[in-house]
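Hello,

My notes on it follow.

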Amino acid sequence: GRVARTFGVDLDAGLQDALIRIHHLNVTMPGKPARLTLHGEMNAQAPYSAQLTLAWQSLQWPLAGNRPALYASSGRMQLAGTIDKWRLNAVTLFGARGIPTGRWAISAHGNRHSVTLDALAGLWADGTVSGQGCIDLLAKQPFRISLRTRNLQAAYLNPYIKGHAGFALMV
């Protein structure tokens with residue numbers, strides 16, 4: 001069944017002509033340390049542009065409970081541009097149940113038809129993860145992804161395996 005959740009919302013914003021200025025939008029969940037904070041500007045007329053910064057602390061999924069499947073202790077994302085030409089940068093501490101937390105950074109750009117992952121960089125399992133790629137819905141080969149890991153401590157993934165591992169994957 002559905003479970004009702006209560007959220008605290010604090011908004012300080014203004015509208016001048018078609019420009020929406022968000023000085024801050026804070027979203028919290030009473031009794032939990034989770035917090036989302038958004039600020040920036042959005043143009044509500046064509047070409048509909050935005051310059052937004054989103055920061056978070058103590059996020060988890062599911063939202064309630066003491067055993068989250070996914071969690072992000074902190075992070076920050078910046079999005080700028082229009083639907084036809086945008087850029088995104090993000091950094092976060094992210095983990096999942098049974099998998100160690102890692103420090104991740106992503107840089108991407110795109111438009112309404114494609115997303116280019118310029119760089120994925122992670123410090124995870126005492127090693128590094130890097131990648132890049134593209135998803136282009138109009139291309140004959142819509143997915144191109146390259147992922148490389150180095151010096152990952154195998155025991156993080158399986159306690160019976162000793163040593164370090166790495167791999168390269170290209171699709």
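Apart from neighbours within four places in sequence, Leu120 is in contact (heavy atoms within 4.5 Å) with Trp104, Ala105, Ile106, Val129, Ser130, Gly131 and Leu147. This is a predicted model: local features need pLDDT of at least 70, side-chain atom pairs count only at pLDDT 80 or more, and totals for chains, interfaces and linings use all residues. Residues are numbered from 1 along each chain as its sequence is written, and side-chain values use heavy atoms, with hydrogens and water left out.

Strands are DSSP runs of E, at least two residues, numbered from the N terminus, and two of them pair if DSSP finds at least two bridges between them. S5 (residues 70-82) and S6 (residues 85-96) run antiparallel, joined by 12 bridges, with Gly75 opposite Thr92. The hairpin they form has 2 residues between the strands. S6 also pairs with S7 (residues 99-110), antiparallel over 10 bridges, and Leu88 stands opposite Ala108 there. That hairpin too has 2 residues between its strands, and Gly98 in the turn has a positive phi of about 85°.

Regards

Technical notes: Helices (H or I, at least four residues) and strands (E, at least two) are DSSP runs, numbered from the N terminus.
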